[in-house]
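Reader: I have a model open beside its sequence, and I would like to learn how to read its features one by one. Could you take me through them?

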Amino acid sequence: EMLLRDFHCFAPDLFGFGESEFPNVHYSIDLQVECLAQFLHAVKQQRVYLIGDSLGGWIAASYALKYPEQINGLVLLAPEGVEIEGQKQRLQRMQRILKRPPLVFQLFLLLRPSTKIFGLNEQIERDWHFHQVMQQYPTACELLFERKHPEIKAELLHDQLSFITVPVLILQGGKDTSEAIAMSRAYAQYIPQAELKTIAHGGNDLPESCAGVVAGDIRDFIKR
């Protein structure tokens with residue numbers, strides 16, 4: 001909404017998200033790329049700027065690699081989709097959290113006085129919040145964490161990012177997780193024309209908590 005006065009904007013739901021169709025199929029990053037390609041063809045857009053947040057950043061970068069002739073530039077907000085140190089361990093930890101029954105979290109929360117002694121309160125709160133949020137997005141869970149590690153690894157982009165030749169703006173919240181910050185830095189390192197900007201007060205929800213700043217950065221990037 002903040003960009004509409006300057007640009008012709010589309011905000012499609014990804015396949016399996018929001019109000020899009022949600023069939024019982026095996027989801028992949030490439031499937032999302034092809035659905036996006038069909039959408040852009042349907043709305044007769046030959047060249048665009050793609051903006052992607054988190055998983056959407058992974059999909060946007062993958063799209064730019066597969067269809068470079070259609071992309072003027074990319075804006076990636078805390079993008080997923082690259083190999084970082086401890087990637088396999090991170091995946092396994094997230095899978096354990098997602099499989100943990102809600103009753104276990106409730107028990108942990110009841111035991112706060114004890115967990116506080118061991119300094120576990122903040123970690124338990126973060127895990128519980130992550131569990132609650134991801135339950136709302138089953139397709140994202142499948143793409144990010146529930147597929148087998150070799151399949152996820154095959155779609156990671158770190159070995160291909162040097163082939164992205166369009167300008168790229170990467171926005172990263174300074175208060176996000178260390179893993180998210182490491183992934184943004186990896187994108188900035190591997191993409192030749194990438195600019196990494198950190199929003200110091202931003203967390204892991206930049207489009208919501210820092211909407212004005214993000215919109216301003218996007219506007220400046222495209223006009224520049």
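Author: What follows goes from the sheet to the helices, then to the cavities, the cysteines and a few single residues. This is a predicted model, in which local features need pLDDT of at least 70 and side-chain atom pairs count only at pLDDT 80 or more, while totals for chains, interfaces and linings use all residues. Residues are numbered from 1 along each chain as its sequence is written, and side-chain values use heavy atoms, with hydrogens and water left out.

Reader: How many strands form the sheet, and in what order do they lie?

Author: In general, strands of a sheet pair through backbone hydrogen bonds, either parallel or antiparallel. Helices (H or I, at least four residues) and strands (E, at least two) are taken here as DSSP runs numbered from the N terminus, and two strands pair if DSSP finds at least two bridges between them. In this model four strands form an open sheet in the order β1-β2-β3-β4, with parallel pairing. Because β1 (48-53) and β4 (194-199) stand at the edges with a single partner strand each, one side of each is left without a neighbour in the sheet. From one strand to the next, the twist averages 15 degrees.

Reader: How many bridges join β1 to β2, and which helix lies across β1 and β2?

Author: Six bridges join β1 to the parallel strand β2 (residues 71-77), and Ile51 has Val75 as its bridge partner in β2. Helix α2 (residues 55-66) lies across β1 and β2, running at about 160 degrees to β2; for such angles, axes are lines fitted to C-alpha atoms, for helices over the stretch in contact (heavy atoms within 4.5 Å), and the angles run from 0 to 180 degrees between N-to-C directions.

Reader: Which residues line the largest cavity?

Author: Grid points are joined across faces, edges and corners, and a volume is the space filled by probe spheres set on the points. The structure holds three cavities of 30 Å³ or more, and about 80 Å³ of space lies in the largest cavity. Its lining consists of Trp58, Glu80, Gly81, Gln87, Arg90, Leu91, Leu144, Phe145, Ile152 and Leu156. The elements that give two or more residues to this lining are α3 (87-99) and α7 (138-146), and α3 gives the most, with three residues.

Reader: Is Arg90 buried or exposed, and how many residues of α7 are buried?

Author: Buried means under 20% relative accessible area, exposed over 50%, and partly exposed in between (1.4 Å probe, protein chains only). Arg90, in helix α3, counts as buried because its relative accessibility is 11%. Leaving aside its neighbours within four places in sequence, Arg90 is in contact with Glu80, Glu179 and Met183. As for α7, seven of its nine residues are buried, among them Cys141, Leu144 and Phe145.

Reader: What is in contact with Gln32, once its neighbours within four places in sequence are left aside?

Author: Gln32 is found in helix α1 (residues 29-42) and counts as buried, at 1% relative accessibility. Its contacts beyond those neighbours are Leu14, Phe15, Phe17, Tyr27, Ile59, Thr139 and Leu143, and of these Thr139 and Leu143 are among the buried residues of α7.

Reader: How many disulfides does the count come to?

Author: A disulfide is a pair of cysteine sulfur atoms within 2.5 Å, and by this rule the count comes to zero. The sulfur of Cys141 is 19 Å from the closest cysteine sulfur, in Cys35, and is therefore too far for a bond. For Cys210 the closest cysteine sulfur is in Cys9, at 19 Å, also too far for a bond. Cys141 is buried at 4% relative accessibility, and Cys210 is buried at 3%.

Reader: Where does Ser54 lie, and what is its phi?

Author: Ser54 lies in the loop between β1 and α2, and its phi is near 60 degrees, a positive value in a residue other than glycine. With a relative accessible area of 27%, Ser54 is partly exposed. Ala78, in the loop between β2 and α3, also has a positive phi, of about 40 degrees, although it is not a glycine; at 15% relative accessibility, Ala78 counts as buried.

Technical notes:
On a 1 Å grid over the protein atoms alone, a cavity is a set of points where a 1.4 Å probe fits but cannot get out, and a pocket is an open set with protein on both sides within 12 Å along at least five of seven lines; lining residues have an atom within 4 Å of a point.
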